[in-house]
Amino acid sequence: MLQFYFLSILLNLVTGLVLFCEKDQVKDDFLGGDFTFAEDKEAEVGASNPILGFMESKNFKLVLGVLSVLVGLLKLLSVVQNDVPVIGDLFPAVAGLMGGFCVLLQFYMETNSIDYAPNGLLQSIFVENRRTIGICCLVVATLHFVFPKVLFL
């Protein structure tokens, strides 16, 4: 179905942007990691750039994560006309599942009142490498849009 094709592209792009442009990642990369924003500085950053402020909201991350995982699952099951079932859209589906899981895990870690540290496998794949997963989501979404009939894309 073409609806899932376009939803997959859109959600992979937005998920990739959220994972790649996270505030703490930008802070760690460009400011050395030791710098902390004061409360008034965080308000100024969100006010000066409403798009990033909107993308950092917890409700947006929850909805984006749930939709990305759901569309990733449905992308495995739905077939565009004259396409190979399951493997025809394998990379966009896997990118959506992994990106959505990263966003949902990040949402859970931010909203949990108990200090939650994921086990070693989750930590190494979905927390430490979430920026790499974001880049992969962006690349897969772009390739999926440019080359719609290529196998695996």
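This is a predicted model: local features need pLDDT of at least 70, side-chain atom pairs count only at pLDDT 80 or more; totals for chains, interfaces and linings use all residues.
Residues are numbered from 1 along each chain as its sequence is written, and side-chain values use heavy atoms, without hydrogens and water.

**H1 and H8**

I read helix H1 as residues 2–20 and helix H8 as residues 130–146; their axes come within 7 Å and cross at roughly 150° (axes are lines fitted to C-alpha atoms over the stretch in contact, with angles from 0 to 180 degrees between N-to-C directions). That makes H1 roughly antiparallel to H8 (angles over 145 degrees). I listed the contact residues (heavy atoms within 4.5 Å): among them are Tyr5, Ile9 and Phe20 of H1, and Arg130, Cys137 and Phe145 of H8. By class, I have 13 nonpolar, six polar and two charged residues in this contact; Gly counts as polar.

**H5 and H6**

I then took helix H5 (residues 58–77) and helix H6 (residues 90–111), whose axes come within 7 Å and cross at roughly 150°. That makes H5 roughly antiparallel to H6. I noted a left-handed crossing for H5 past H6. The contact includes Lys58, Gly65 and Leu76 of H5, and Leu90, Phe101 and Glu110 of H6. I recorded 12 nonpolar, seven polar and four charged residues for it.

Note on methods:
Helices (H or I, at least four residues) and strands (E, at least two) are DSSP runs, numbered from the N terminus. Angles under 35 degrees count as roughly parallel, over 145 as roughly antiparallel, 65 to 115 as roughly perpendicular and the rest as oblique. A crossing is left-handed if the near helix is turned anticlockwise from the far one by less than a right angle, and right-handed if clockwise.
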